[in-house]
Amino acid sequence: MPTKIKGPALFLAQFAGEDAPFNSLENITRWAASLGYKGVQIPTFVPHLFDLDRAADSKDYCDEIAGICAEAGVEITELSTHLQGQLVAVNPVYDAAFDGFAPAALHGNPKARQEWAVDQVKKAARASRHLGLDTSVSFTGSLAFPFLYPWPQRPAGLIEEAFSELARRWRPILDVYDEYGVDIGYEIHPGEDVFDGATWEMFLDALDGHTRARINYDPSHFLLQQMDYLAFIDLYHDRICAFHVKDAEFNPDGRQGVYSGYQPWLNRAGRFRSLGDGQVDFAAIFSKLAQYDYDSWAVLEWECCLKSPEQGAAEGAPFIAQHIIDVTDKAFDDFAGAKTDIAQIRAMLGIEQ
């Protein structure tokens, strides 16, 4: 029987800041609840909202965090390690750009930065278990992405070795998650080595199908690549454990297309938008997910080049709520009350008794 999706929920990363109500977990969760959100996805890389080191070591601290959320009227949906996951695998061309995701003491030291990131992601497994969460969300990082377009031609074996190394780095982490009974939902995202269905399959194959490697489904990234984001659900629904509800639009013209000509967000052919302002068919997505018994959270990840985050968040909760399907246990033409024995059935089929 199809199951009901939980929500609406809100990813807090894009809203955290120095000013109230975004400056503490108490304030931001009350604000989210006031807008109609029932859950929050907590970024583990925003110290004034969540102390990951303490959460990994202290069940009491995690109980305190859960209590703050419950008092505000929201549940914790997942912990996010997107930024730390990114640092598990960084091609040297990105070293300077990604140093900002790590503590200042690690800048300019890729080896120490990577070791820190691995430790952080592992700690999120323990923290998730302390919070009673079965799912987390992250990025894979990228070793091969600078070689995305095959010009000049890539050396034979380069992509294969990149995915082998990616798996070597993630397998021990995933084993820790398995120990604690927690899945990692990887957000499939350009800039990561795993950015579409084909690369997901390569990653999963390199991991020998590790059971804890799952998908954080975000259709906005697929629309900007001009992928069939509904067929993606058909193909990989058994691995989808989390859902970012994010809108986007793609308007190619004579000047630019998928690659968007190095333009700023406002001028790109492909742009992230607030919910309902883009081109993603969320009615079809929620139907697909319900059809395949997705019963976890629908989490708004707000990003938009035009609308303010406050307006986007306020509009997002009712948008998600309106798309969640109150599933039925039988179709409109099911006659569950009709009692038919095997003899009648055989007669209806013209089968001799």
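Reader: Why does E303 count as partly exposed?

Author: The general idea rests on relative accessible area: buried means under 20%, exposed means over 50%, and partly exposed lies in between (1.4 Å probe, protein chains only). E303 counts as partly exposed because its relative accessibility is 23%. Before we continue, please note that this is a predicted model, in which local features need pLDDT of at least 70, side-chain atom pairs count only at pLDDT 80 or more, and totals for chains, interfaces and linings use all residues. Residues are numbered from 1 along each chain as its sequence is written, and side-chain values use heavy atoms, with hydrogens and water left out.

Reader: With which residue does E303 form a salt bridge?

Author: A salt bridge is a side-chain nitrogen of Lys or Arg within 4 Å of a carboxyl oxygen of Asp or Glu. The partner of E303 is K246, and the closest N and O atoms of this pair are 3.2 Å apart.

Reader: Where in the chain do E303 and K246 lie?

Author: Helices (H or I, at least four residues) and strands (E, at least two) are DSSP runs, numbered from the N terminus. E303 belongs to the loop between β10 (297-300) and α12 (309-323), whereas K246 belongs to the loop between β7 and β8 (247-250). The pair thus links distant parts of the chain, 57 residues apart.

Reader: Is K246 buried or exposed?

Author: K246 counts as buried, because its relative accessibility is 2%.

Reader: Let us take D63. How far apart are the closest N and O atoms of D63 and K59?

Author: They are 2.7 Å apart, and D63 forms a salt bridge with K59. To place this pair in the model, look at helix α3 (residues 59-72), which holds both D63 and K59. The two residues are four residues apart, about one turn of the helix.

Reader: What is the relative accessible area of D63, and what is that of K59?

Author: D63 has a relative accessible area of 38% and is therefore partly exposed. K59 is also partly exposed, because its relative accessible area is 40%.

Reader: And the other pair? Which residue forms a salt bridge with D234?

Author: D234 forms a salt bridge with K288, with 2.8 Å between the closest N and O atoms. D234 lies in helix α10 (residues 229-236) and K288 in helix α11 (residues 282-291), so the pair ties together parts that are 54 residues apart in sequence. D234 has a relative accessible area of 32% and is therefore partly exposed.

Reader: What is the relative accessibility of L148?

Author: The value is 33%, so L148 counts as partly exposed.
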